[in-house]
Amino acid sequence: MTHYVLIGADGHPCPSSTPGTVGGHRLSKIYGRLDCPSALRAIAAGGYVRHRVFFADAPTAEEAGYRPCAVCLPAAYRQWKVRR
């Protein structure tokens, strides 16, 4: 059985038997789709993977203090920006 480590709403790692649905960057506190073009470019350049984290879903990522990616989640980003 594969085990995953996801970040919970409290910002701490927690084990999971299912993979996360969104990924994030620990330093920039941004989350987005797993196929985000911006994240994939950063991964290809070699500087992103070390700080990558995963969340069960977008609400959990936001509760943990991450904001939506403006590139792959533009509508969610606009809503987040209005709430700020």
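The structure is a predicted model, in which local features need pLDDT of at least 70 and side-chain atom pairs count only at pLDDT 80 or more, while totals for chains, interfaces and linings use all residues. Residues are numbered from 1 along each chain as its sequence is written, and side-chain values use heavy atoms, with hydrogens and water left out.

Confidence was examined through pLDDT, the predictor's confidence in each residue, from 0 to 100. The protein chain has a mean pLDDT of 94. Of its residues, 98% reach 70 or more. Among the elements, helix 1 has the lowest mean pLDDT, 92. Strand 6 (residues 67–68) has the highest, 98. Helices (H or I, at least four residues) and strands (E, at least two) are DSSP runs, numbered from the N terminus.

Side chains of opposite charge can pair when their charged atoms come close. A salt bridge was taken as a side-chain nitrogen of Lys or Arg within 4 Å of a carboxyl oxygen of Asp or Glu. One joins Glu-62 and Arg-83, with the closest N and O atoms 2.7 Å apart. This pair links distant parts of the chain. Glu-62 sits in helix 2 (residues 58–63) and Arg-83 in helix 3 (residues 74–83), 21 residues apart. Accessibility was classed by relative accessible area: buried under 20%, exposed over 50%, partly exposed in between (1.4 Å probe, protein chains only). Glu-62 is partly exposed at 28%, whereas Arg-83 is exposed at 52%. Another salt bridge connects Asp-35 with Arg-33, at 2.7 Å from N to O. Asp-35 is partly exposed, at 45%. Arg-33 is also partly exposed, at 36%.

Arg-41 belongs to helix 1 (residues 37–45). Its relative accessibility is 55%, so Arg-41 counts as exposed. The C-alpha atoms of Arg-41 and Ala-56 are separated by 23 Å, with the two residues 15 apart along the chain.

Rings of Phe, Tyr and Trp (its six-membered ring) pair if their centres lie within 6.5 Å; planes under 30 degrees apart are stacked, over 60 edge-to-face and the rest tilted. The structure holds two aromatic pairs. In one of them, the ring centres of Phe-55 and Tyr-66 are 4.8 Å apart. Their planes meet at 65 degrees, so the pair is edge-to-face. Phe-55 lies in strand 5 (residues 52–55) and Tyr-66 in the loop between helix 2 and strand 6, so the contact ties together parts 11 residues apart in sequence. Phe-55 is buried at 0%. Tyr-66 is buried at 5%.
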